[in-house]
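Visitor: I am new here, and I would like to learn how such a model is read. Could you show it to me and take my questions?

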Amino acid sequence: MGLDGRSLVTVDDLSNAEIEGLFSLADEMSNLMTEQSDVCRGKIMASLFFEPSTRTRLSFEAAMHRLGGRVITAVDIGATSLAKGESIADMARVVGSYADIIVIRHPWEGAAKVVADYAGVPVINAGDGGHEHPTQTLLDLYTLVKERGTIKGLKIGLWGDLKYGRTVHSLAYALARFGATILFHPAPGLEIPEHVARKLTREYKGELKKSDAMNHAAKQGLFAVDAIYVTPTSPHQLAMMPDISFEVELEKGVDALYITRAQKERATTTEGQASDKAYPVVDRRMLKGKEFRETLVMHPLPRVDELAYDMDSDRRSKYFKQAALGVPVRMALISLLLGSKTLDVRQDSETFIRKANYPRYDRGYGVRCGNEKCVTVNEGKYIKPEFEIVSSQPLTLRCIYCDHEVFPKYVASSEWHDGTIERKRYHSANSHWARRIKPENLIVFESESEAQCYGFKPSKYAGG
Amino acid sequence: MGLDGRSLVTVDDLSNAEIEGLFSLADEMSNLMTEQSDVCRGKIMASLFFEPSTRTRLSFEAAMHRLGGRVITAVDIGATSLAKGESIADMARVVGSYADIIVIRHPWEGAAKVVADYAGVPVINAGDGGHEHPTQTLLDLYTLVKERGTIKGLKIGLWGDLKYGRTVHSLAYALARFGATILFHPAPGLEIPEHVARKLTREYKGELKKSDAMNHAAKQGLFAVDAIYVTPTSPHQLAMMPDISFEVELEKGVDALYITRAQKERATTTEGQASDKAYPVVDRRMLKGKEFRETLVMHPLPRVDELAYDMDSDRRSKYFKQAALGVPVRMALISLLLGSKTLDVRQDSETFIRKANYPRYDRGYGVRCGNEKCVTVNEGKYIKPEFEIVSSQPLTLRCIYCDHEVFPKYVASSEWHDGTIERKRYHSANSHWARRIKPENLIVFESESEAQCYGFKPSKYAGG
Amino acid sequence: MGLDGRSLVTVDDLSNAEIEGLFSLADEMSNLMTEQSDVCRGKIMASLFFEPSTRTRLSFEAAMHRLGGRVITAVDIGATSLAKGESIADMARVVGSYADIIVIRHPWEGAAKVVADYAGVPVINAGDGGHEHPTQTLLDLYTLVKERGTIKGLKIGLWGDLKYGRTVHSLAYALARFGATILFHPAPGLEIPEHVARKLTREYKGELKKSDAMNHAAKQGLFAVDAIYVTPTSPHQLAMMPDISFEVELEKGVDALYITRAQKERATTTEGQASDKAYPVVDRRMLKGKEFRETLVMHPLPRVDELAYDMDSDRRSKYFKQAALGVPVRMALISLLLGSKTLDVRQDSETFIRKANYPRYDRGYGVRCGNEKCVTVNEGKYIKPEFEIVSSQPLTLRCIYCDHEVFPKYVASSEWHDGTIERKRYHSANSHWARRIKPENLIVFESESEAQCYGFKPSKYAGG
């Protein structure tokens, strides 16, 4: 089975079976670290970093070199051709004619999808703003598999900045897909965002339990969690959940504690200052209890102060191992997308279908993504906005580029013309009438004035 | 036939026959894109970019990797060793001892020639300020040859910023050499410079016709041109020219339309603002006429707004193909200069001798290049200015580094000492006496005070 | 004999015999410059430059490519991961899991040692602030050996900025080890620092003669020196020294003149301005005397104005050859540290034991390095300061990271508890009582208040 020519924009571009096959290949790749392999001889990887990232870039480049391929690199490109006003799409097309595969990091959310749409060669997302960083997630999962044999049924604590940490969001989705239970322990003010929670429960069919244990536990110096997410692949646990308190959950320890630094470059100033004071620190003392005796300590690095140096020599610490495992994981991925290797997929493996097959909204007007870092907002002159209608109550459109959700206030049907001109009416999006419009006929408006601009008049369901 | 050890500073460093041979080799190189060639195995290319340029640099580096060579890269060097005051010549010598070939981009005009003079290895000019960018021209020509079979007799429209676009100047010279007719359609205020027009007619022996059709045609929404350049290799066309109006010329369409962006980084603020408003835009609507049915749409990229995205899927658009063809062209060039390949030159090919064999002026005083971006102005401590005396009426000296022309006001003869001291006189450069001085005896002065400084007295032909 | 797995932080990490063996290997490497060697095939070198340096980086990378290895590069890293607060140790550990060898340049002094301590792979110091740049010294020595056959007994003039030029300090130590005589000719105000002079005489067992010839000679336009350093490996010269004046010494010429630019980026503003005016310039005229007929002119480059361009074509000038020889020297070094080559060490070679085996002070308190550019000051959260007690009169502790010396004012003994609490006393560091404390029991304090903080009371020898 091949992945030849495919791109990796989000970790959901790979099925569970494919990920497991990729991990088997990564095991094989680890044996190539001490010699020069020729797996990708004759291939060129372009490494395009619009945001600085020494670690991730060097990991990708080392992987390509170990495979026998060649690398062309552009870093800090913000200061170069884009300064002349070049679009991401043009850059993708041009570099796609130089190289056989592109690795892209960009500050705009959804940028990697645009590159993948235009490049004509496989594209790997090495981080697009606060959106996705799928190879980080793959190496996190791979570390867990190497340490515990499986992800299914593991209990993983996510710790720190759960709001801006893109690695945490991707990891949460992936853990959910593989049937792990997740305990959220955010720094104050940096809780997991609503849209991530919604996606977890809606698309990965899990259950999220909110806790008020935070304040309670904090007073007692306990390891408290904000919420627990339980996947349906652990039905017995799900059944038990109402009976166990969060504290009990924690007394049993966790299989792994995944710590992240405060993403100050993405946070507001207020958030940054608040988290400075109260950011939880993991150190040897905190993990001295016997319930943590087998807890893996993980971190995507770089760390700042949230993970003490006294953990470095601790046998439970796996963060440097994570970084090291990034190379064979990326070797496996690159060789698969280039078609230099094929996947050995287990027949009995559970497959995963990314998400519900939502209807699309792609009229190109009436709504624009509200995320100012979205690539559609910044490269509007050639990208047509496109959304998934993920919910009708409230009407929720999710940008297919950056996953940001927008909630249009007014709607109409494109079928008005079947009747008289008098029927060209708009309605409040939360009116019962609105729900009767078929998705393929849906027209949305950001405001009444916009609707009127397009020649619509208010219906009796357009009330404020 | 070999090019081993030669450098490419300007496209005129290659004869027509050599360029045609290089294109044949580029055809061969295109077949090496999917495998690892060993043509340049064991060779190192140094890629030195003192100005940002992701596209050009990556193209060169991909080319070297495809050839099996290795690459060392320094970008944004302005911030590093040169900040310590290092000269271009020292840098060239040192890097020339590390690498087998050097690719250089530098903001100073003539810098590539200095590197070629000192490096001791072949040097390729990847852009020296507004002066030359010969590999861009080669890939432009190669695209035309791939699309039309030949350049001779083609009619090419040059569109946009014809003042600061270095790619346009180089391309114009090269088109002239190969016998194409050129139609100039500048953005307002960004007409082709005098010195380029002069060089076209004087050294490429063509004829340039200025039009007043711009204003006239603009009113009628026609595609009007500012000037038409006709080469002597199309004598029948030349003969016809008085009979055809510019509009007629255009009604017949053009074989290719070569569009360039406004080079705002080189323009004055006033020019930049002016061109913002009136910069001509090429889009599908403009090219809907049947006279443009077979017109190739070309652009050196990056584009800004002068070329609409609706052209991207048009079969006439060749700008992404141009970029892609840059790789085999550069592969061919690098392998030739390194001596890894030899040229297969057609015996019947027309050769081209660069320019009239002008006398040199290299006294090192009396005149300095007036171009503040010229390398001789910026690296004066070790480069001796040198000029070609391209005309005596008016006396015109052209800098051999940046091609900028200077017009000295006063002259003398070095033969004054043959007579009495009284004959040590200087004359006005446009006096008839001045024209009697042999070039090898010529001494020039920027001012009367300078002449007097050197001990000369005014002759009766020194009048203002 | 192998160097497999060792690091090169300072040139003293290699014995004289090892350096000589490395030079033999460099001779062999010079023959590999025109073909692709596979000596280091399958190995990856990470090139981490936290300070800009085009020349040194490209030299290392060219060396690795010539050896058949691969290179991953990060330049100007100050703006990237470290901006997120990452420590040098974390960076070293992560990159050490990607690459097989690391080349590091960093503005903090001692940084290369930290990288070597944590990386888990061999590390080469490519310059750590003003501290060391050992491969520059190796190529300087190699050039001398290629030109003169040996270093022993050579007379070398060090010229220019002897205060901030790190290459000059390393070179001086190395010349001393190999038995050369050194003449110091500093620019005014940029004399060789005390600690360098001390190390030369104390650890390399040489003799330093201060001259008052500077002012005297300057008046007469002579080439005057500030000090002459003579190594004990030239005992006959040492015996002669009192009988010869500095001027006589100079009239005999020098074997090599090693010139350095003013290191303005490290100097104070006052020093920079002062040296601007009076910085000595070497040109053809200065070296026209017959005593300089065979003097090699050397410079680590880049040069500014201290070495005139008229020397470039002079047969005595070796500075571009130095740069060129850097590649085979680095090829030899990289292949040795990677274990791809072994050393062929001469049996009769003199070995060198780095320094006296000083007792250590590593209590982690009571003293911190006074050098604000020391890595221990900047990365204090995980590096424990550590010192060598290099002298007791005055009490002198030398930082093992940056070689900066500190002079604690107060001391105590850790054996106070053997007696009564009353004996917990501190003393002035220069009291005779202080000298009776065994090094392993020594406790030092920066101030009386610090001593009192730790519960000590003043002894009668604590007087100010």
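Guide: Let us begin with confidence in chain A: helix H9 (residues 235–240) of chain A has the lowest mean, 39, and helix H12 (residues 319–337) of chain A the highest, 98. The score is pLDDT, the predictor's confidence in each residue, from 0 to 100. Helices here are DSSP runs of H or I with at least four residues, strands are E runs of at least two, and both are numbered from the N terminus. This is a predicted model, in which local features need pLDDT of at least 70 and side-chain atom pairs count only at pLDDT 80 or more, while totals for chains, interfaces and linings use all residues. Residues are numbered from 1 along each chain as its sequence is written, and chains are lettered from A and ligands numbered from 1 in the order in which they are written.

Visitor: What is the average pLDDT of chain A, and where does it fall below 50?

Guide: The average for chain A is 85, and 84% of the residues score at least 70. The value is below 50 over residues 218–222 of chain A, a stretch with 3 contacts beyond near neighbours in sequence. Residues 234–248 of chain A also stay under 50, and there the model has 19 contacts beyond four places in sequence. A contact means that the C-beta atoms of two residues, placed from the backbone, lie within 7 Å. Where pLDDT is low, the predicted coordinates should not be read in detail.

Visitor: Which scores does the predictor give the complex?

Guide: The complex receives an ipTM of 0.91 and a pTM of 0.93.

Visitor: What makes up the side of chain B that touches chain A?

Guide: Contacts link 21 residues of chain B with 23 residues of chain A. Helix H2 (54–66) and helix H12 (319–337) of chain B each supply at least two residues of that side of chain B, and H2(B) brings the largest share, 7 residues. By type, the side of chain B that touches chain A divides into 11 nonpolar, 6 polar and 4 charged residues. Nonpolar covers Ala, Val, Leu, Ile, Met, Phe, Trp, Tyr, Cys and Pro; charged covers Asp, Glu, Lys and Arg; the others, Gly among them, are polar.

Visitor: Why is B:Met298 called buried?

Guide: A residue is buried if 20 or more other C-beta atoms lie within 10 Å of its own, exposed if 12 or fewer, and partly exposed in between, with C-beta atoms placed from the backbone. B:Met298 has 27 other C-beta atoms within 10 Å, so B:Met298 is buried. B:Met298 sits in strand S10 (residues 296–298) of chain B, and the residues it touches include B:Tyr258, B:Ile259 and B:Gln322. B:Met298 and B:Leu158 are 140 residues apart in sequence, yet 9.6 Å apart from C-alpha to C-alpha.

Visitor: What makes strand S6 of chain C mostly covered?

Guide: Of the 6 residues in strand S6 (residues 181–186) of chain C, 6 are buried. C:Thr181, C:Leu183 and C:His185 are buried on one side, and C:Ile182, C:Phe184 and C:Pro186 on the other. In a regular strand the side chains alternate between the two faces of the sheet.

Visitor: Why do strands S11 and S14 of chain B stand at the edges?

Guide: The open sheet of 4 strands has the order S11-S12-S13-S14 in chain B, with antiparallel pairing. Strand S11 (360–361) and strand S14 (405–406) of chain B each have a single partner strand, so one side of each is left without a neighbour in the sheet.

Methods. Pairing = 2+ DSSP bridges.
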